[in-house]
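Visitor: I would like to learn how to read a model of several chains, feature by feature. Where should I begin?

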Amino acid sequence: MTPLSHYLIFSGVLFSLGLAGAIIRRNILVVFMCLELMLTAANVALVGFSRAQGLEGVPVYDAQLLVLFIMAIAAAEVAVGLALIVAMFRARRGVESSSLTSLKD
Amino acid sequence: MLIWLLIVPILACLLIGLLSAPGRITALVSAGITLVLGLCAIIVGMLPDFDTECLTTFCGIPLQFTTATPLCSSMLLLTVVVTFAALLGMHAPSKRAERSWSISTLLISAGATGAFLSDNIIAFYAFHELALIPTFVMIGYYGRGERRTIAWRTTIYLGLASMVLLAGLIMLCMGMGTTSVAQMHALAMVYGKMPGTPATMGIISGLLLVGFGTLVSLFPFHSWAAPAYASAPTPIAMMHAGVLKKFGLYGLFTFAWALGPACRFLFGGWNDVLLVLLLGNVLWVGCVTIAQTRLDKMLGNSSVMHMGYLFLAFAAYVASSGSNYLALQGANMLMLAHGLSIAMLFLLAGQIEYRTNTLELCAMSGLARKVPTLGFLFGLAGMASIGLPLLANFAGEFSIFLSCFIGWAPGTTLDCGLGCCFLDSISSLLGGLGPVQLCVVFALWGLVISAIYMLRAIRRVFAGEIAPCCEKVPRLSCTEVLSASLLGALLLLFGIAPFLII
Amino acid sequence: MLQNLPWLFLVLPLVVAAVDWLFLQRCPRTAACCSITSAAVCFILCLAYLCGMQTGSPSVYEWFPLPSHSLTLGLLMDALSMKMMLVVTGIGLLVHIFSTGYMRGDTSNHSRYFAGLSIFMFSMSCIVLADGLLFTFVGWELVGFSSYILIGHWYDRTSAADAAKKAFITNRVGDFGFLIGILLTLGVFGTLSFSDMAGQQIDPAQSGVLTAVVLCLFCGAVGKSAQFPLHVWLPDAMEGPTPVSALIHAATMVAAGVYMLVRLQVSMGTDAFTPSACVVICTVGAITALLAALMATQQDDIKRVLAYSTLSQLGYMVMAAGMLSGEAAMFHLYTHAWFKALLFLAAGAVIVRCHHEQDIWRMGGLRRRMPLTTLCFLLGTCALVAVPGFSGFFSKEAILTAAWESSIPLFVIGALVAVLTTFYMVRLCLVAFCFTARTESAERAQEADSAMLIPLLILGVMALISGYGFMADTLVPFAGFRAHDFEFGVPFLTGLLALIVGGGLAWFVYGRRQKKLDTDPLASCIFSRALRRRLYIDSFYDKVLIGGIQQWGAAIAHCVDDGVIRRLAGHGTALFVAWCGKLLSKIQCGSLRVYVLVSALGLIVAMILFAFTIIH
């Protein structure tokens with residue numbers, strides 16, 4: 001039985017990677033993937049907690065159900081997000097996040 | 001019945017606005033109906049046997065109109081009369097302007113009527129806001145000079161003041177547990193209820209004074225007023241300076257009256273500050289008025305200056321814990337008189353501008369030789385506004401000054417040992433005068449100041465040799481004479497028989 | 001109903017004024033008739049009351065009735081007020097009649113003129129009959145107003161319009177003090193009614209406050225009776241029609257200040273006039289008397305000489321009132337009213353007949369062309385310079401005696417003023433009436449017509465006889481007045497000496513060099529130039545007070561108001577808000593990565609806080 005701490009460490013590393021990517025990278029597509037990474041990290045943590053809270057090898061299914069919901073919504077979000085990015089690429093010939101400052105001026 | 005005072009002008013507005021009824025005629029008919037209705041209401045309301053209240057609801061909102069508060073009969077009279085005179089004496093530049101001027105005059109009139117008659121505090125506030133809107137629009141569209149700037153400044157000043165005021169009103173209503181003025185009066189008089197702890201009351205009264213004070217152009221918050229009046233089209237200036245501005249004072253006096261003896265606890269903390277500020281109105285703005293070179297600016301500033309006397313009455317009323325009936329009635333008289341006289345002055349200024357195409361004091365001269373009736377009417381209104389006996393303003397001002405000294409008695413003479421009897425007498429007097437009395441002594445100098453600016457204006461415009469711009473001017477038409485005489489006759493009536501308003 | 005008959009004194013002229021002004025603009029003759037009728041009715045009514053008619057006490061007008069502290073207007077019908085009313089209505093009636101002659105041929109609006117006279121009659125009656133300071137103040141302001149419209153009757157003349165404005169504003173300055181005095185009176189006595197004041201005991205501990213009360217009330221008298229330093233309006237007021245100058249600016253209105261002081265002494269009691277207050281009143285009176293007499297010696301305008309002479313005589317009266325000798329003050333007020341009205345009306349007749357020439361150096365020789373007018377003027381002059389046997393002699397004697405008994409310096413000033421009075425009046429008579437005509441207009445002058453002559457002759461008779469006991473005892477506006485037989489003492493001798501010295505000096509300067517005289521031989525000396533320029537008091541007021549305060553002060557206030565309050569406070573607030581917005585908008589840098597970083601940091605901080613609060 002994998003202890004909870006392993007799940008959490010893995011989830012933390014995954015989240016940090018995602019966060020660092022979101023901060024550092026300029027390409028919005030990569031930033032978007034990093035966001036997905038962070039969502040996945042959250043899912044991993046949820047799964048870990050559901051197992052740790054479970055009794056006699058049976059996990060708490062509420063959390064696992066939640067994970068499924070998150071994945072479904074994330075899929076929908078990816079669809080919308082990618083569409084937006086594609087539209088943006090068409091409009092501006094590039095997906096650099098640093099060039100998205102038209103609201104500021 | 002009172003609700004018709006509101007419905008008739010709004011119906012007329014709809015007729016003019018939506019069905020393109022002829023502007024001036026429709027408005028005049030509506031103003032005539034409200035004039036008759038208003039006079040009936042006032043006369044009926046004065047008879048003690050009649051029930052003075054008339055309960056109505058509007059879409060479930062309590063909209064109780066009443067003539068029970070001490071000031072509202074005279075304010076109602078002021079509203080209906082000034083509306084009628086403003087519409088009768090109006091000179092609109094075009095048909096389109098005539099229609100929008102008529103609509104805004106009627107809307108202001110309806111809003112003011114609603115505010116003065118409402119028993120419910122929230123309705124009282126909302127009606128005033130309704131009346132303010134046309135003012136801004138009319139200054140912005142039809143004003144003189146840099147009208148957009150002035151309209152915006154007025155909007156911001158009055159909008160902010162209304163917000164502050166609303167906060168104060170809500171706190172007051174929550175403190176008293178009711179939104180009805182009549183209930184508030186009953187609670188305060190019977191149970192001695194107060195709207196909160198001393199600290200809360202300080203905040204409430206501060207908010208109310210700043211809010212109402214800005215609306216009435218109390219000293220440091222006055223700079224919107226004179227340019228706005230100078231810029232606004234004549235009927236709007238008449239309605240705002242004459243009628244709508246009295247809303248703030250009406251509110252202050254009504255709440256002070258409603259709270260009875262408790263008003264001293266509510267407003268007393270700010271009384272000394274108020275006394276200093278009102279001296280700013282009388283003396284400082286008085287000096288500013290002298291410096292004006294345009295007739296309309298001068299009239300606007302003079303209106304700001306006279307507000308000082310009304311705040312003086314308020315301070316005296318508060319200082320006496322609401323027992324100073326003379327202060328209340330003096331203020332009532334002066335509010336009515338000032339409304340009539342300033343409206344008449346703006347009306348005549350409009351007619352002067354219509355004839356000479358200028359309001360610069362230096363450009364005009366000798367107008368009375370050409371239009372003696374205009375000179376007579378302007379002289380009457382001017383003399384009224386500087387407080388000549390037999391005209392209504394004198395009754396108001398004099399009773400206010402007297403009321404400040406009621407209940408005052410000199411203390412025993414302090415022997416200052418200065419060796420000089422005059423210094424002794426002055427010092428003992430200063431020691432014996434309370435803050436209100438001391439303030440009166442300074443405020444009386446306003447009598448001299450107002451004489452200076454008004455006589456200078458009359459001298460410049462009407463006396464002397466005839467200036468080029470006054471050479472070929474038409475005489476006054478019948479409606480112009482009628483509208484000004486209506487106001488003048490009332491000034492004279494209330495000056496000779498001020499007891500009529502009690 | 002009959003008991004309210006005294007209200008007719010007020011209601012009739014007021015109604016007539018309104019009718020004249022509003023409805024009779026087109027028919028000046030009818031307007032004049034209405035005004036004269038109302039003045040005549042008032043005069044007859046007044047005579048009837050003086051002859052002992054009783055109608056009971058008039059009812060009180062509830063002007064502003066309140067549960068407590070009602071403001072009421074009542075009439076006080078005692079000897080003081082009724083006899084004063086006789087002076088007012090009597091001279092008023094004569095002036096009304098004279099005006100019809102004087103205004104003939106004038107193109108201005110006569111209806112307005114007669115309406116103004118009627119308003120004046122109304123407001124002066126208010127002052128005289130008032131039973132309380134409130135009513136007095138009402139009349140006080142209204143006489144100022146009627147004086148304003150009458151001085152400015154020819155308002156298209158710049159000088160008249162300016163003079164009217166000056167008179168009103170200067171009076172307002174005095175009224176400022178007067179009103180403070182009224183308010184303090186309410187505090188000290190608890191009432192404004194003269195009859196209620198009369199019964200009150202005065203607490204000696206309040207003498208300081210009482211001094212202030214009396215001095216503040218005296219301010220009103222300083223304004224209305226044109227005492228120094230507010231005397232500047234009266235000489236300018238001569239821009240009005242001459243009958244107006246006679247009635248308002250010589251006989252009645254300007255005497256209202258003296259009347260008010262005496263009325264206060266009667267009702268408050270002389271105890272209320274503390275010694276220090278009396279000193280101030282006497283000093284002001286004495287300064288006015290002396291300065292005005294000095295200035296009168298060098299005026300060239302016939303009306304201005306008389307105006308300064310009025311000032312100086314008013315100074316006498318105020319001085320007498322300050323010496324608590326109300327009897328002498330009212331006696332002089334009463335005789336002065338007749339003879340000064342006479343002098344002014346005679347001067348008016350001269351002016352009209354010389355085609356509105358007012359400069360005495362452009363007259364001359366009028367005694368041959370207008371013998372009756374000259375005779376009347378001489379009668380007035382004799383009364384004014386106190387030739388024994390004329391009315392002015394008795395009243396001036398009374399004042400000098402009072403001064404002799406109370407203070408030597410005041411007596412000396414009084415004597416000096418008497419010398420100067422003789423000097424300038426003899427100068428005036430010599431230059432204007434004697435020798436030969438200097439200009440054509442004086443050459444062609446004719447005797448005045450009957451509408452002017454009849455009032456002149458009546459006044460002339462009054463100037464002669466009004467000082468004798470048989471007239472004075474019943475008519476001097478002071479209760480229980482007895483004209484005292486003059487005594488052969490210091491005041492009498494001084495008066496006589498003053499007459500001789502002043503007359504001799506004037507004869508020495510102006511009488512000898514008969515024909516050559518076209519300008520004043522003294523005009524070149526520095527002192528005389530200062531006197532001609534009114535001792536620079538007027539120019540000081542014009543430059544320093546009006547120029548300084550009205551223009552500079554007002555301009556500064558305007559600039560500060562516009563600059564500081566509107567721009568700095570108003571616009572400043574707006575700019576401050578805008579600046580704050582700019583500052584805060586810096587945070588919105590637009591870089592997505594910075595936003596993410598900031599939110600990540602925020603997350604970390606939140607987590608740390610969360611963790612520590614959970615653990616501890």
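The dialogue below goes from confidence to chains, cores, helix packing and interfaces.

Guide: Begin with the conventions: residues are numbered from 1 along each chain as its sequence is written, and chains are lettered from A and ligands numbered from 1 in the order in which they are written. This is a predicted model, in which local features need pLDDT of at least 70 and side-chain atom pairs count only at pLDDT 80 or more, while totals for chains, interfaces and linings use all residues.

Visitor: What ipTM and pTM does the predictor give the complex?

Guide: The complex has an ipTM of 0.91 and a pTM of 0.88. For single residues the predictor's confidence is pLDDT, on a scale from 0 to 100. Chain C averages 87, with 98% of its residues at 70 or above. Within chain C, helix α5 (residues 133-151) has the highest confidence, a mean of 93, and helix α19 (residues 440-443) the lowest, a mean of 78.

Visitor: How many helices and strands does chain B have?

Guide: Helices (H or I, at least four residues) and strands (E, at least two) are DSSP runs, numbered from the N terminus. Chain B has 22 helices and four strands. Chain A has three helices and zero strands, in the order α-α-α from the N terminus.

Visitor: What is the radius of gyration of chain B, and how does it stand against the globule rule?

Guide: The radius is taken over C-alpha atoms, and the globule rule is 2.2 Å times the number of residues to the power 0.38. Chain B has 22 Å, close to the 23 Å that the rule gives for 502 residues, so it is as compact as a globular protein of that length. Its C-alpha trace spans about 65 × 65 × 45 Å along the principal axes. For chain A, a compact globule of 105 residues would have a radius near 13 Å, but the chain has 17 Å. The C-alpha atoms of chain A fill a box of roughly 60 × 25 × 20 Å.

Visitor: What percentage of chain B is buried?

Guide: A residue is buried if 20 or more other C-beta atoms lie within 10 Å of its own, exposed if 12 or fewer, and partly exposed in between, with C-beta atoms placed from the backbone. In chain B, 63% of the 502 residues are buried; in chain A, 12% of the 105 residues are.

Visitor: Why does Leu158(B) count as buried?

Guide: Leu158(B) counts as buried because it has 23 C-beta neighbours inside 10 Å. Leu158(B) lies in helix α6 (residues 147-176) of chain B. Two residues are in contact if their C-beta atoms, placed from the backbone, lie within 7 Å. Setting aside residues up to four places away in sequence, Leu158(B) touches Leu132(B) and Leu215(B).

Visitor: Which residues touch the most other members of the largest nonpolar core?

Guide: In soluble globular proteins, nonpolar side chains tend to be buried together. A nonpolar core is a set of buried Ala, Val, Leu, Ile, Met, Phe, Trp, Tyr and Cys residues joined through C-beta atoms within 7 Å. The largest core has 431 residues, and Leu312(B), Ala343(B), Val258(C), Ala341(C) and Leu342(C) touch the most other members. A second, separate core of six residues includes Ala22(A), Ile28(A), Val31(A) and Phe32(A).

Visitor: At what angle do helices α7 and α11 of chain B pack?

Guide: Two packed helices are described by the angle between their axes and the distance between the axes. Axes are lines fitted to C-alpha atoms, for helices over the stretch in contact, and angles run from 0 to 180 degrees between N-to-C directions. Helix α7 (residues 181-191) and helix α11 (residues 246-259) of chain B pack at about 40 degrees, with axes 7 Å apart. Val181(B), Met184(B), His185(B) and Ala188(B) of α7(B) meet Thr254(B), Ala258(B) and Leu259(B) of α11(B).

Visitor: Which pair of chains has the most contacts?

Guide: Chains B and C have the most among the two pairs that touch. Their contact takes 50 residues from chain C and 52 from chain B. On the chain C side, α6(C) gives the most, 15 residues. No contact joins chains A and B, whose closest C-alpha atoms lie 26 Å apart.
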